[in-house]
Amino acid sequence: MNYSAENTELNYFDFGNSDINSVQINGKDLVICISDCIAEQNAPGNNTGKKRCIPKLRLTLSDFRIKSALLHGISALNVKDNAVRKNKERQLYKSELSSLEERLCGGGDMDIFSLSVQECDGVYELWAEINIEDDERKWYHIKFACAHITAEWEEFGEAINDKLTLKQRAAILKNYIPAVFLALGHKDTPLVAKIAAGAALAYALSPIDLIPDFIPVLGYLDDVLILSGLIAIAVKLIPNEVLAECAKKAAEGRVSPQKRWYYSLPIIIIWLIIIGLIVKAIL
C-alpha cells in the first residue's frame, strides 16, 4: 500500500455513507474493506489542501473485540394516526456480540454512517455506526476495542469541491418538496411558514412555469432562482423538529406530491395581469 494512517489519525477521515465491501477475521485481527470515504485536508498523505476521495481503503483492527453494541430500529409511519413510531433502542447482551461478529462477516449490503477513534488507558476504541441491510432495516452503534488500528490505501481519487453551483443547490432544495408538503398540514407549523410552504409547493407542482423553459437563460433561472428561493424560505421558516419529523415520513415513501392544474392558477393570474398591462400600455 502507498499510503497509511494509524489510530487517532483516522479522525481526519469522513466515513459518512461509505460502503463496506467486506469484513474478515484474520486470527485476532478484524479487516474491513471500505469504499468511497473522504480524506480531509489535513489527513495523512493528503498534501493538496483539498478534501479527496479514497476509492478503496483497508482498515485493520489488531487484537480486537466488540466491547459493546447498541441496536437501533428504523422509524416507521403508523398509517392509522399518521404518527412516526420508533423501535426501541437496545443494548446487545454479551452473548449476542459473537453472533454480531458473524453477521458482520456474513456479507450483504452494509454502510457506515460515522466512525471515530479515541485512546483510553493504552487501548484504542473505535466507534462505528453501521447499517446492515436486512428485512428489518436495523443499524448498530458498535464500540470496538483493539491494540492498534491501521488504515491503508493505494491511491487518492479526485479532489472534492465543497462549493456547490446554483444548479446543485437547486437540486438539493428540490429534495425538500415532500417534507414541505407534509409540513404544510402539520399542526405545529406556524402560519407564516404554511404560507411560504404553500407558495413553494404551488410553484413546484404547477404544470406551467412562470418563465417557460424554452426562453434562453431566463428559463434556466426559473428553477435555479425562483423555485429554489421559495423552497429555501419555506425550509427556513418551518421549525427544525417539524421538518425533521416530516422528512422521516417522506423517506418512508408515504407521500408523493403530484402536479395538478389548479396549482398553476396563481401563475395564470400573474400572466393575465402582465398581458393586461402590456395591452393597456400599447393602447
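**View 1. The exposed side of helix α1.** Ser 95 and Glu 102 are exposed on one side of helix α1 in this predicted model. On the other side from these two we find what the next view is about.

**View 2. The buried residues of helix α1.** Helix α1 covers residues 94-104, and its buried residues are Leu 97, Leu 100 and Leu 104. Look down the axis of α1 and these buried residues fall within an arc of 60°, so they line one face of the helix.

**View 3. Leu 104 and what it touches.** Leave aside residues up to four places away in sequence, and Leu 104 still touches Val 23, Ile 66, Met 110, Ile 130, Ile 132, Ile 142 and Phe 144. Leu 104 also belongs to the largest nonpolar core, where Leu 59, Leu 104 and Phe 144 have the most contacts inside the core. That core has 41 residues.

View 4. As a rule, nonpolar side chains in soluble globular proteins tend to be buried together.

**View 5. Stepping back to the chain.** The protein chain has seven helices and 13 strands. Of its 283 residues, 36% count as buried. Take the contacts with a separation of 6 or more: residues 24 or more positions apart account for 65% of them.

Definitions and conventions
Residues are numbered from 1 along each chain as its sequence is written. This is a predicted model: local features need pLDDT of at least 70, side-chain atom pairs count only at pLDDT 80 or more; totals for chains, interfaces and linings use all residues. Side-chain values use heavy atoms; hydrogens and water are left out. Buried means under 20% relative accessible area, exposed over 50%, partly exposed in between (1.4 Å probe, protein chains only). Helices (H or I, at least four residues) and strands (E, at least two) are DSSP runs, numbered from the N terminus. The arc is that of the directions from the helix axis to the C-beta atoms. Contact means heavy atoms within 4.5 Å. A nonpolar core is a set of buried Ala, Val, Leu, Ile, Met, Phe, Trp, Tyr and Cys residues joined through side-chain atoms within 4.5 Å.
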